[in-house]
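Subject: Handing over a structure, with notes

Dear colleague,

Please find below the structure that I promised to pass on to you. My notes on it follow directly after, and I would be glad if you read them with the model open.

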Amino acid sequence: MDLLVKLWTHLIFFCQSTRRDAKMDIVPTLPLLDRPCLVIIEQPDKFQKFIYRSQSNDSTSLRCKFMLSTQPLREVYILCDAYTEDNKLSSHFLVPRSFDPDNFPPIHILQIPSSDANSLTGVLLENVHIFRRPRKKLELSLTAKLQFKRLWKTRREILTDDEKEKLRGSVPSDPSGSNQSFGKVYIGFTAYTYNNNSNRMERYTDTYFSASIYDSDNINVLEPYNGYVEGGSEHILVIRERCIHDNRFDIEFQGDCGWRAFATEVRVDGSRISFKIPPYNGYWRDGDDSVLVHIQLHCCKTCKARKRFKFLYEQSKEYSHLLN
């Protein structure tokens, strides 16, 4: 028992919460001990290759580890699905490596066998991909998910016409996909158990979210997008296209009033470019604790593309006295 207490304390200290704000993807908080919860102990890789068709067995796949704090004396089912930045269902799907794009379960479900011990239980999500759906199929994808969940929760095979119409009506009509982040998703995990009396699946935990996951082949990503004024922190650029014959990049930081500086220790690995930011000693507006600059990515001299990224320099406690 002492071992379980120590393990649980360790998980609480290092766990990631499910809540987000405008600046950070995940805000650390403590899970509540008076009810069951899921604690993510190994986040998935931030950069995943979203797929469009069935993949071969040698393809890389998404992997995530988490713990179920307490388990009842019956089976537990974990619903795993993709969500947008505002905790809404995404039109993307979690699918196995080899699947039929025209016939697959809309929701990925993990089943945990019943246990005699009401204690911590490890759960592993692996060998799945994020199946990206086009914007024009947004409404159809979300409707399929909602209908599947309703049937699964109520243990039924078909829905009535009124139920189908009601679910379709709850899906926002947005063919342009303006309310969806097609370059970034979060994986949500929700635990359910089966109630013999009601013959329904009942929610066992809240929905807990992973850190953000980016489609590395389809967007330009700067991660993380902020750093301290003293510089030296390492960052990664994931870009959609570049001059494949040129492995040298100049990364220039540009601020107000003519401030210029270049990144150091630039390394190129496929579509990823890692580098360290320079110290910022440019202009600060009175009262501000951060300043926005731009990063200019210079490829080879013959390349016409000039990519710009926004970057936020922030004060650190050690250096705040230098800026006042």
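Which residue just after α2 takes a positive phi? That residue is R155, with a phi of about 60°. Before going further, please note that this is a predicted model, in which local features need pLDDT of at least 70 and side-chain atom pairs count only at pLDDT 80 or more, whereas totals for chains, interfaces and linings use all residues. Residues are numbered from 1 along each chain as its sequence is written, and side-chain values use heavy atoms, with hydrogens and water left out.

**The chain as a whole**

The protein chain contains three helices and 20 strands, where helices (H or I, at least four residues) and strands (E, at least two) are DSSP runs numbered from the N terminus. Of its 324 residues, 47% count as buried, a term that stands for under 20% relative accessible area, with exposed meaning over 50% and partly exposed lying in between (1.4 Å probe, protein chains only). The accessible surface comes to about 18200 Å², and 49% of this belongs to carbon and sulfur atoms; the areas come from the Shrake-Rupley method with a 1.4 Å probe, and for residues only the protein chains shown count as cover. Among the contacts (heavy atoms within 4.5 Å) in the protein chain with a separation of 6 or more, 71% are accounted for by residues 24 or more positions apart.

**Helix α2**

Helix α2 covers residues 138-154, and its 17 residues reach 25 Å from the first C-alpha to the last, close to the 24 Å expected at 1.5 Å a residue; the expected span is 1.5 Å times one less than the number of residues. The buried residues of α2 are L138, S141, L142, T143, K145, Q147, K149, W152 and T154, and what covers them includes β4 (76-83), β5 (93-96), β6 (108-112), α3 (161-170), β8 (184-195) and β9 (200-203).

K149, which has its place in this helix, is buried with a relative accessible area of 15%. Leaving aside neighbours within four places in sequence, K149 is in contact with L79, D81, Y83, L89 and I107. The C-alpha atoms of K149 and M201 are separated by 10.0 Å, although the two residues lie 52 residues apart along the chain.

**Two open sheets**

Four strands form an open sheet in the order β1-β3-β7-β5, with antiparallel pairing; two strands pair if DSSP finds at least two bridges between them. Because β1 (38-42) and β5 stand at the edges, each with a single partner strand, one side of each is left without a neighbour in the sheet. Neighbouring strands of this sheet are turned by 50° against each other on average, direction ignored, where axes are lines fitted to C-alpha atoms, for helices over the stretch in contact, and angles run from 0 to 180 degrees between N-to-C directions. Strand β7 (residues 121-131) pairs with β5 in the antiparallel sense over four bridges, and F131 in β7 is the bridge partner of F93.

Four strands also form an open sheet in the order β12-β14-β18-β17, again with antiparallel pairing. Its edge strands, β12 (221-223) and β17 (264-269), each pair on one side only, and the twist averages 15° from one strand to the next. Between β12 and β14 (residues 234-238) there are three bridges in the antiparallel sense, with V238 in β14 as the bridge partner of V221. Between β17 and β18 (residues 272-276) there are four antiparallel bridges, and D269 stands opposite R272 in β18. These two strands, β17 and β18, form a hairpin with two residues between them, and G270 in the turn has a positive phi of about 65°.

**Aromatic pairs**

A search of the whole structure finds 16 aromatic pairs; rings of Phe, Tyr and Trp (its six-membered ring) pair if their centres lie within 6.5 Å, and planes under 30 degrees apart count as stacked, over 60 as edge-to-face and the rest as tilted. One of them is the edge-to-face pair of F93 and F104, at 5.1 Å centre to centre and 85° between the planes. This pair links distant parts of the chain, with F93 in strand β5 and F104 in the loop between β5 and β6, 11 residues apart, and both F93 and F104 are buried. F311 and Y313 also form an edge-to-face pair, at 5.2 Å centre to centre and 75° between the planes, and both F311 and Y313 are buried. Ring pairs link F311 and Y313 with F253, W259, F275, Y280 and W284 into a cluster.
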